[in-house]
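Hi,

Here is the structure I promised to pass on. My notes follow below it.

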Amino acid sequence: MPTEAYDIVVVGGGTAGTFAAATAASEGLDVIILERKSADEAGHIACGDAIKGTSTFPDVIDRNYLKSESFTNQRIQRAVFENPRGGSVDIDFADNGAVLDRKRYGEVLIEEAERSGADIQYNTVVQDISQADDGTVTGVHATRNGTTYTYKADITIDAAGALSILQDKTDFTGTYFDTNVSYSQFCSAYREVLEVPDPVEYDDAIVFKPTDELGYLWYFPRTATEITLD
Ligand SMILES: Cc1cc2nc3c(=O)[nH]c(=O)nc-3n(C[C@H](O)[C@H](O)[C@H](O)COP(=O)(O)OP(=O)(O)OC[C@H]3O[C@@H](n4cnc5c(N)ncnc54)[C@H](O)[C@@H]3O)c2cc1C
């Protein structure tokens with residue numbers, strides 16, 4: 001089984017993984033991100049595409065580059081909550097939010113992690129972790145194109161998202177880690193990006209709209225005519 005060794009292995013090339021990798025790599029550590037998606041698909045996450053508070057993002061990524069590449073609507077000033085029984089509540093934001101092109105946003109975060117010195121392996125699905133007899137996590141096992149690889153590291157970071165398998169694969173006996181999360185506590189989500197023929201009147205807002213049946217839809221205007229629904 002091919003084996004590679006790093007200071008840090010990061011599982012998942014989403015927001016958490018890329019920021020973690022960029023932070024560690026910019027401190028001179030040898031870091032690899034393992035991402036199950038292809039290079040073309042990586043960065044594409046089902047999301048409402050709204051963002052707020054980028055000024056608090058760590059400096060390891062170039063925020064101006066991120067904004068210029070991926071923020072499509074920077075004038076989001078309020079959230080509108082429509083009440084199913086009628087009426088609505090407007091909540092003004094103290095600072096503007098933005099709606100973005102989520103794929104380009106994810107791609108830029110990966111570019112920035114690489115610019116900081118992190119490596120990334122695409123098409124690499126982490127299947128299991130390796131643990132020493134004393135419980136220390138010593139790395140992961142992953143498959144790429146039918147071959148299983150072992151990645152050894154002093155630190156393994158689980159950034160594989162809400163449905164990460166790593167927590168299930170790790171023996172947490174003797175630790176204080178909370179493993180009491182049931183899959184019944186997750187729900188499915190829907191997301192679509194729509195082109196509408198006429199500009200919407202709420203392109204400065206995100207809108208929380210009750211549906212005819214149970215539930216809500218969020219409207220996130222990327223532009224006045226391109227709306228993310230979820
Ligand atoms: C429908 C929906 C709408 C949302 N809207 C918003 C919003 O408008 N604004 C907002 O701020 N947040 C929103 N969120 C939440 C936001 O998407 C998450 O908080 C965020 O994506 C979490 O980032 P992450 O890096 O932890 O995980 P993720 O973004 O899920 O990234 C995990 C990465 O790990 C990879 N991966 C997973 N398993 C493996 C494996 N075994 N091996 C290798 N790679 C693996 C995945 O391919 C992925 O690239 C929304 C979420 C949903 C579901």
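**What I found**

D203 lies in the loop between β10 (192-195) and β11 (205-210); strands here are DSSP E runs of at least two residues and helices H or I runs of at least four, numbered from the N terminus. Before going on: this is a predicted model, in which local features need pLDDT of at least 70 and side-chain atom pairs count only at pLDDT 80 or more, while totals for chains, interfaces and linings use all residues. Residues are numbered from 1 along each chain as its sequence is written, and side-chain values use heavy atoms, with hydrogens and water left out.

D203 is buried, with a relative accessible area of 19% (buried means under 20%, with a 1.4 Å probe and protein chains only). Leaving aside neighbours within four places in sequence, D203 is in contact (heavy atoms within 4.5 Å) with N73, R75, I76, P221 and A224.

Now the core (buried Ala, Val, Leu, Ile, Met, Phe, Trp, Tyr and Cys residues joined through side-chain atoms within 4.5 Å). The largest nonpolar core has 27 residues, and V31, L66 and Y105 make the most contacts inside it. Elements giving it two or more residues are β1 (3-11), α1 (15-26), β2 (31-34), β5 (88-100) and α3 (102-115). A second, separate core of 13 residues includes Y6, V11, Y149 and A153.

Beyond four places in sequence, L66 has F57, I61, F71, Y105, V108 and L109 as its contacts.

Happy to talk it over!

Best wishes

How values were computed:
Buried < 20%, exposed > 50% of the residue type's maximum accessible area, 1.4 Å probe, protein only.
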